[in-house]
Amino acid sequence: MIRSASILMLLFLAGCATQAPAPVERPDVDAVVREPASEDSEGVQVYSLQNPAVKQLVAQAKTAEGAGNLDQASGLIERALRIEPQDPQLLQQMAEIKLQESDFQQALNFAVRSYESGPRVGEICSRNWRTISVARESLQNTSGAADAQERAKQCMNVRPKKL
Amino acid sequence: MVKKVKSKAKKVAGKKDTGKNKTGKPTGIKKGPVKKGVSQKRSLFKRLFRLCMLLAGLAIGLGVPWVMYLNMQVQSEFDGRKWDLPSRVFARPLSLYDGAEISKQSLLAELDAAGYEKAASAASSGHFSVNGNHFDIYRRGFTFEDGAEPALRFQLDLVGSRVSALGGSEEITANGLVRLDPAEIASIYPTDDEDRKLIALQDTPELLVTGLQAVEDRQFKHHHGIAPKSIARAMLANIRAGRTVQGGSTLTQQLVKNYFLTSDRTIIRKINEAIMSLLLELHYSKTEILEAYLNEIFLGQQGKHAIHGFGRASEFYFDKPLKDLNAQHIALLVGMVRGASYYNPRRNPDRALGRRNQVLDMFASTGILTEQQAIDAKAQPLGVTSKPRSGDSRFPAFVDLVKRQLIRDYHADDLRSEGLRIFTTLAPSEQEYAQTAVSTGLDDLAQRGLPAELQAALVLVDVASGEVRALVGDRSEGRNYFNRALDARRQVGSVIKPLVYLLALERSSDYNLITPIVDEPISLRQPDGSVWSPENYDHISHGGMPLMDGLIHSYNQATVGVGMNIGVANLIRKLDQLGINSQVPAVPATLLGAVELTPIEVAQMYQSLAAGGYSVPLRSVTAVQTPQGELLNRYPLRLMPLDNRDAVALLNFALTQVVERGTAKNLHALLGSNELIAGKTGTTNEQRDSWFVGYTRERVAVAWVGLDDNGPARVTGSNAAMRVWAGLFKQLPPSSVDLRMPDGAGFIWVDPAEYALSSEGCNDAVQVPFIDGTAPQAVTDCYKRQGDDNKSFWSKLFERDE
């Protein structure tokens, strides 16, 4: 029940982001990263709340992203990163923007950084690894991509043993 | 209108043609037969007539081509008129939000740099008031790199160097974020050194357009370039007064004088001016001429840069866009047309005020202001800012870096002519602290007996973004004949050693931070056949020690021992990975820093380490816009992660120990704080160069001190550069180094001397980070007694929430 509610919620949220059909080479981040990650985590989010200034910038970036203005969106996330340079949410959002820009190397790099500075568990961990997987796939690293898919699944049941 | 101009032009062309034909005829007449028996009187008359004809012929023969030449000049220059516009360089905008860390001193410095004036109340944009730790700021409207934001009044409190209670409107409270419009830190001027901001006639205040005509040229709409009546009236007035009190020049003539001619006062120039004015009126509309005038007229001087046009003059004197000027401001500018330096409101405020009020009276007498409006305006102060906001950069070394980054994408000519808006990463307050740290730091070193001619460079970079916040290339502020931060290529000495240890730690099966190594005499054959036997700084060999102690105490022999196992070629490869493209010699001495690098290259190298291996190419420019605020280029944040980031994390820990107990252990005393800082000193042969590189969680800075002639300077890393570095960081908010370990590494209690696991509370037990599976297998007796609860203090400190 909770699960289906969260999916509905996500589809609702994603509505604005999927208005314009994305070009073929641009991954549909909602379909390949955000929705499955949310599904896996059953809507449970483990990261802490951000400061209001960062939240505001993130909201603006989401609007820009929804309108297909990826350059503006990444500029806004960059501003937020100046305030919270290691916020895993921001880093992951940047990774997802880069994915939509087909800048796969940067998508990969930001997702890795998000994972390393993040909780390494739960929804954001899943988004990290799904992004890494898509990026690796596009960078012709098929085995790495499959590996990352596996890691995405582990986000939900394995606590990293070390810090 | 256009048609009319064309037909006029044709007429002129026709006239010219007839003139040309005539030139032949008079000579023919002169050659005609002369009657005999004429009186002396007649012959005199005839001779006079001949002379007149000759002169007329000369006038036509020389005059017509001259007019044609002037005509060509007027048309070709005016048709293709396109002023070169200086590019404007902006600092980074200061973001203010609850929790933002900024001292009162820094906030005041930022406001000052951005041209804000302190006032009793922040009643208009560009002003602020401060009461204790409460700030009331009226931000100007500004087009930021990602869009325009309107003027905005907001308030905040500073509580212990943190912003709190940011507010002023519901929107501000909801957003929780305000950006200050940035300081304009420099202009990149056209080669003619003219400074202007273009304005279109339709954007010009009506009062300026009508007022200008009321004061300078009431017949502007009707005359054809010159106004003989005005000239006559002016001459009469001047004769009566016995000096020049009135000018009879029309706006067109003034434009011609400014645009085409030099300023010498000869009769020839006056004639040229008149002819060119007529020609200009013939070919162009009044609108075109007026718009050109508004942008061309000389209105002031800033250093070697001439302020042209009302657009820039408005910013230069009032720090406001033209459209925001009030009657008294416009009257002052209009009055200054008569003599921009004579009526300079900053230098001669009384004279300027008198002139302004005179102009306001003329506005009233011609009916473009009511009597009351003029009286009200005359009651106002001049409203001129105490100093212009920009001009030649106070930060030439940084602007130098900006130009070098831009030159990759823009022609130098474009930077000097296209009026680009350049958004940079400079933090004005931090730049000021950096310059002061260098200037006073070197004075202080001279007091301590070091050479008075010492020079220095200082580069301050934001760790995570790679944005250059400050750059100093000379001990004197504003001087930049040699930008040492970018161009001083000097041996780096021990500053390179961390890379040797990083390479060792990357071989995690061979090395961890406590792997036993030996500091002992070592001799190596160089490629040229000579034998190299490096010594330690204290000329003592220190024997066995854990790996990290070789770095912490910067022992040369230990480092060469490790380095020879690693291989010099790998060190060179590592430098390359870190973005150092300089040629590096493949000799063992490279392991000890016999490598010449510039301070900015060293900053790039350490940014990568400070960011935990998330290398970011250093940036000084984030975006470039057209004068209208359209984005041309954005330079986004790009992450270039190094491999083996777990080894980088281990190295970062070792570098904090350099400050805790190694060669930089005086740093805490210099700073007067105990925050966790990572750093490395560097000294070169015969004490020619002093380096210190240090970083906190947020900022990494490189300081270099030495002599320009590369002579022995009696400097060491800790006695010179570290003091300069500390002078800067004393002013910056503290932030301890981030020692969270990445996936696959963690802190463990060990006894390095025994190379064994230990426990908290055991003798000689210390916490050291290890890559998983690389910690010693052996255990101390104490460990056996206490069990395996060896989760370290560091783990607890940096532990994530479970």
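Let's start with how chain B divides up. The domain assignment gives five entries for this chain: domain 1 covers 2-23 + 44-79, domain 2 covers 88-183, domain 3 covers 194-378, domain 4 covers 438-729, and domain 5 covers 745-798. Keep in mind that this is a predicted model.

Take domains 4 and 5 of chain B. Their C-alpha centres lie 30 Å apart. Ten residues of domain 4 of chain B are in contact with ten residues of domain 5 of chain B. Which helix gives the largest share of the domain 4 side? That is helix H23 of chain B, residues 645-661, with four residues.

Next, a helix pair in chain B. Helix H5, residues 206-216, packs against helix H12, residues 349-365. The angle is about 100°, and the axes are 10 Å apart. Angles of 65 to 115 degrees count as roughly perpendicular, so H5(B) is roughly perpendicular to H12(B). Who makes the contact? From H5(B), we have B:Gly211, B:Ala214 and B:Val215. From H12(B), we have B:Val359, B:Met362 and B:Phe363. By class, the residues of this contact are five nonpolar, one polar and no charged.

Last, the chain interface. How many residues of chain B are in contact with chain A? The count is 28 residues of chain B, against 26 residues of chain A. The chain B side that touches chain A splits into eleven nonpolar, eight polar and nine charged residues.

Notes:
Residues are numbered from 1 along each chain as its sequence is written. Chains are lettered from A and ligands numbered from 1 in the order in which they are written. This is a predicted model: local features need pLDDT of at least 70, side-chain atom pairs count only at pLDDT 80 or more; totals for chains, interfaces and linings use all residues. Domain bounds come from an automatic or database domain assignment. Two residues are in contact if their C-beta atoms, placed from the backbone, lie within 7 Å. Helices (H or I, at least four residues) and strands (E, at least two) are DSSP runs, numbered from the N terminus. Axes are lines fitted to C-alpha atoms, for helices over the stretch in contact, and angles run from 0 to 180 degrees between N-to-C directions. Angles under 35 degrees count as roughly parallel, over 145 as roughly antiparallel, 65 to 115 as roughly perpendicular and the rest as oblique. Ala, Val, Leu, Ile, Met, Phe, Trp, Tyr, Cys and Pro count as nonpolar, Asp, Glu, Lys and Arg as charged, and the others, Gly among them, as polar.
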